[in-house]
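Please open the structure in your viewer and keep the selection panel at hand. The stops below take you through a pocket and then some salt bridges.

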Amino acid sequence: MRDLFEEAGIAPRDAPAAAPTGPRDLFAEAGLDIKPKSERADRAAMLGATWRGKASMIPLVGPALTAFDLFKPDTQAMGKGAVSGLAEVGNTVINHSIEQAKREGREPFADLTRFDPTKPLQFPLGGAGGKLSSLVTGPVVSPAERANNERLKSIEDFNRENDSGWFNAGRVGANIAATLPVGGVIAAPVRAAAPFLGPLADAIATGGFRTGLAPTSWLGRAGNVALRGTGGAVTGGASAGLVKPEDAGAGAVVGGLLPPSLQFAHKVFDLAASGVRRLVAPQLSKEARAILDVGGYTPAEVPAVRAALQQQGPRIVGEAPTVSQILQNPEISQLERTLRNSPGGAPALIARDQAQNEARLGVLHDIAPVATDLPAARTNFGNTIAPLATDARNAASKRVREAFDAVDPFNDTQFFLPLPEMAAAKGKFLGPGTFGTGSKAQAAIDTATDVGTEVLPAVTAAKAPGVRRQGQTITDAIKSLGGIKQDSPGAQALAGEIHDLKQAGGGMRAIIQNGRGQSPDTLAQAMHAQGYIPDDDPATLLRVLGEHARGNKVYSAGADRSNTFRAGMEASQGDAPGAEVIRKTVPFQTVQNLRSSVGEAAEQARMRGANKEAAALDQMKAEIDKRVDLVAIGQGDAAENFPADIVAQWRKAIDLHAEKQNRFARGPQASMFRKGGDGNYVIEGGELAPKFFSPRMSQAEDIEALKRLDLGDGVTDSLKSYATTDASRIVTGDGTLRSKAFNDWLDSHGGAIRGLFDEGERARLTGVGVDLKRASDARDLGRATGSNTSQNVQNALGAGMLDSRAVNILASRTPIVGRFTGPMVDALRESAKRGKAARIGGLLSDPAELDAAIAAYERELAARQPALSGSTGLGPLLYRAAPVLLSGR
C-alpha cells in the first residue's frame with residue numbers, strides 16, 4: 001500500500017531506510033503495533049473477558065450485556081477501519097483529479113510539485129522534503145494510471161485482511177463523516193444562484209430532511225415531498241460517489257426515495273400505533289381526545305386548556321362551572337347542546353345546571369332571606385315599617401310641640417303682623433283676572449287682619465235732654481258698639497270675670513262676642529264717657545254689668561240738664577271723629593298659629609293643583625318669618641318685643657320642626673301619614689315596599705328617604721328581603737334564573753341597589769349576574785347546522801365501527817340471519833352511543849374530571865415513539881448516512 005503514496009511523490013519526514021512492503025507497514029510507521037491474526041485473536045479473547053467483567057457490574061443492564069456478549073468493542077479494529085474509510089474517500093478524490101488532468105492533457109499534480117511562498121494556501125507535495133501527512137507518505141515513482149490500480153488493490157487487500165464487524169463499523173463511520181459536508185458544499189452555489197431556490201438548497205444541504213417550508217394544502221405537501229426527494233437524490237448520489245464512484249447512481253436512488261419512504265413509514269406506524277392505543281387506552285382518555293378534537297385544540301394548546309379547567313380561587317357562586325362555561329368555545333358549546341338532546345347525555349349536565357341554579361339562589365338568600373313569594377315579602381315590610389314609623393313621628397311631633405310651647409309661655413313677646421306684605425303676596429299671584437282659587441289665601445289675610453288690628457269706635461257727641469238714646473241701658477249701649485270681644489287681649493286678662501258674666505244670664509251672652517266687638521278697655525272708656533260707670537276701669541264695667549244682670553238696671557247718669565250745655569258746645573265743634581282701624585301687637589303664639597295654618601293651606605293647595613294659590617300662601621309665610629327675624633335682630637318697631645332667650649328657643653323649635661318635616665313629610669313615607677278622601681292613609685301595608693324599592697327615576701332618593709326615617713336595621717333588612725325575593729322570581733318555567741332578565745333587573749334597579757346594599761352585597765349580586773351571563777353565552781355559542789362543527793360533534797358521539805356502512809350491510813342484508821343481526825346491531829349501536837354520550841356529558845359537566853382525563857391522554861401522547869422522519873437529532877444524520885450505508889456496502 002506504500003506505493004500509493006510513493007506515486008503521489010510523498011515520503012515520510014523520518015522514514016526508515018527500508019520501504020514498507022504492505023498495508024501493515026503503513027500502520028507500523030504510524031506507531032501502531034499490528035499483531036498477526038493469531039495474536040490478535042488471543043488479545044481479543046483477553047480483552048473480551050475484561051470487558052465482560054466490567055460490564056457485569058453495570059446496574060440492571062449489566063447482566064444482559066454480559067449474557068449476549070455485546071460489550072466488547074475492538075477499538076484497534078475500529079481505528080484501522082476509520083483510516084481505511086478515509087483512504088477510500090481520498091482515493092476517489094485523487095482519481096478524480098488524475099482523470100480530470102488526463103482529459104485536459106496535463107501532468108497530474110504538476111502545479112503542486114514546488115512550494116511557492118507567495119501562495120501560502122498551496123501545499124508543497126513535490127521534491128525531497130515535501131510532506132502531506134505523518135500517516136500517508138511516499139514519493140511519486142510511477143505514472144498515474146499504474147498508481148490507480150495499485151492503490152485500489154492495496155486498499156482492497158487491506159480491507160480483506162482486516163475484515164471484521166468492528167473494522168467495518170469504523171470504516172463506514174469514516175465514510176459517513178467524510179461525506180457529511182457534501183450537501184452543504186453543493187447547496188451553497190445553488191442558494192447563491194437564486195434566492196427562490198432556497199428550499200431546494202435546504203433540501204440538498206440536509207439530504208432531503210427538510211425544505212424550510214410548511215405547506216397546508218394536499219398539493220403543497222406533495223410538492224414538498226418531491227422537493228425533499230430531489231435534494232436527497234442530489235446529496236445521496238454525491239455522497240455515495242465520493243466513497244465509490246460506481247455507487248453514485250444507487251446513492252442517488254436511495255437518497256431520492258428515502259424522504260417519501262420514511263414519511264410513508266411514519267404514517268403507517270402512526271396509524272398502527274393509534275389503533276393499538278385505541279384498544280388499550282382508558283375509555284375516558286378516548287372521550288377526552290374526542291372533546292379536544294371537537295374543540296379544535298392542537299396538542300400544543302392542551303396545556304392552556306388544562307390550565308383553564310384547573311382555575312382556582314374564590315367564586316361568588318360556589319358551584320363549579322361546566323366545561324363550556326369555562327372555555328367559551330363554540331364547538332364545545334354545540335357539543336354540549338347536542339348532548340342535552342341525546343339519550344343518556346343530559347342527566348349529568350342537567351344535574352349541574354340545577355346545582356348552579358340552587359347555588360345562585362343560595363347567594364341571594366344569603367344576602368337577605370328570600371320570602372315564599374313577593375306578596376309575603378311586601379306584607380312583611382309593611383308590617384315592619386308602619387308601627388315603627390308611626391311611633392317615631394308621634395315622638396317627633398311631641399318634641400316639636402314642647403319646643404314651641406316653651407318659646408313664650410307668658411306672652412311676653414309682641415309682634416305686628418305683616419298685613420300689607422301678605423296682601424301684596426295675594427295680589428301678586430291672585431290678582432285681577434284670577435278665579436276659581438284663592439279662598440284660602442283670602443282667609444289667611446282675614447284672619448291676620450282680625451287678630452292683628454283693632455277698631456277704635458267713633459266719638460259720640462253729647463245729646464240734649466229728651467234724646468232717645470239717653471234712655472238706653474248699659475247693655476244696649478254696649479250692643480251698639482259691637483259687644484265685648486271675648487278673644488281680645490284685654491278680655492283674655494279678665495277671662496274668669498267674663499266667664500262668670502256669661503253664666504249670670506240677663507242677656508249677657510248676647511253682648512259677649514267671639515271674633516268681633518270691642519275690647520273691655522275700649523268699652524269701659526266709652527261707658528264711663530256716657531255716664532254708665534263711675535270710672536274707665538274694665539273691672540268696674542264688668543261689675544256694673546253683673547249688677548245689671550241681677551236685675552238692677554243701669555242707665556246713664558248723664559241724662560240731666562248739664563248735658564244740654566255740653567251738647568251745644570260739641571255741636572259747635574263740627575262732626576265727631578268716626579271709627580278708626582289701627583294695628584296692634586300679637587303674642588308669639590298667635591304668630592305661630594297663623595304661620596302654621598298658612599303653611600298647611602299651602603300644602604293642601606299644592607296637592608289639589610292650585611299652584612298659584614300655593615305660591616301666594618308660601619310668600620305670606622315667608623313674610624311672617626321675615627317679620628319675626630327682623631324683630632329677633634332688634635329691627636322691629638318699638639312696640640314689638642322678642643327677647644334673645646325666647647329667640648333661641650324659637651329657633652330650636654323651628655329646627656326640630658324642619659327635621660320632622662324632612663324625616664316624615666318628604667319621600668314615599670309622606671303618603672303613610674296623609675289620608676285620602678276615604679279616610680284611609682294613601683299607602684299602607686303591602687303598598688309600601690314598591691314605593692321605597694323600585695325602578696323609578698327617583699329610586700336613589702327613595703332609598704335615601706328610607707334612611708332618613710332612621711328606624712333601625714330591621715326595616716332595612718326587611719326591604720332587602722323584598723329586593724332579593726323580587727330578583728329570585730325572574731325565572732323560567734322550571735325555576736331557573738334567567739340571565740337577561742336578571743341582569744336587566746340589576747341595571748334598572750342600579751340606584752336603589754347602590755343605596756340599599758353594602759359593597760360586599762352588591763358584589764355578590766353582580767357576581768350572580770356575571771355567572772348567569774357566562775352560562776348563557778356558553779349555551780348560545782356556535783349555533784350552526786351543517787357545518788364542520790356539526791360533523792365533528794356527530795363524529796365525537798358516534799359508535800365507531802357500529803356506525804359504518806359495511807357493518808350495516810353485513811348485519812341487515814345477510815340472508816336469513818340478517819333478520820336477527822340487524823336489530824342486534826341497532827341495539828348495540830344505540831347502547832354504545834348512549835354510553836358514550838353519558839361519559840362525555842359527565843366530563844363536560846365536571847371540569848376536574850375532564851382535566852384528569854386529558855392528563856391521561858397527555859401521558860399517551862408522551863408515550864408515543866418519535867417518528868423516523870421526526871425532528872430529532874438523529875434525523876438529519878440518518879438522511880445523510882443512508883445513501884452511503886445502502887449503496888454498494
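A pocket, on a 1 Å grid over the protein atoms alone, is an open set of points where a 1.4 Å probe fits, with protein on both sides within 12 Å along at least five of seven lines, and its lining residues have an atom within 4 Å of a point. The volume is the space filled by probe spheres set on the points. This is a predicted model, in which local features need pLDDT of at least 70, side-chain atom pairs count only at pLDDT 80 or more, and totals for linings use all residues. Residues are numbered from 1 along each chain, and side-chain values use heavy atoms, without hydrogens or water.

Begin with E600, E603, H657, Q661 and A665, which lie nearest the centre of the largest pocket among its 33 lining residues; about 1200 Å³ of space lies in this pocket.

Now select R627 and E640, which form a salt bridge at 2.7 Å, N to O. R627 lies in helix 28 and E640 in the loop between helix 28 and helix 29, so the pair ties together parts that are 13 residues apart in sequence.

Definitions and conventions. Salt bridge = Lys/Arg side-chain N within 4 Å of Asp/Glu carboxyl O. Helix = DSSP H or I, 4+ residues; strand = E, 2+ residues; numbered from the N terminus.
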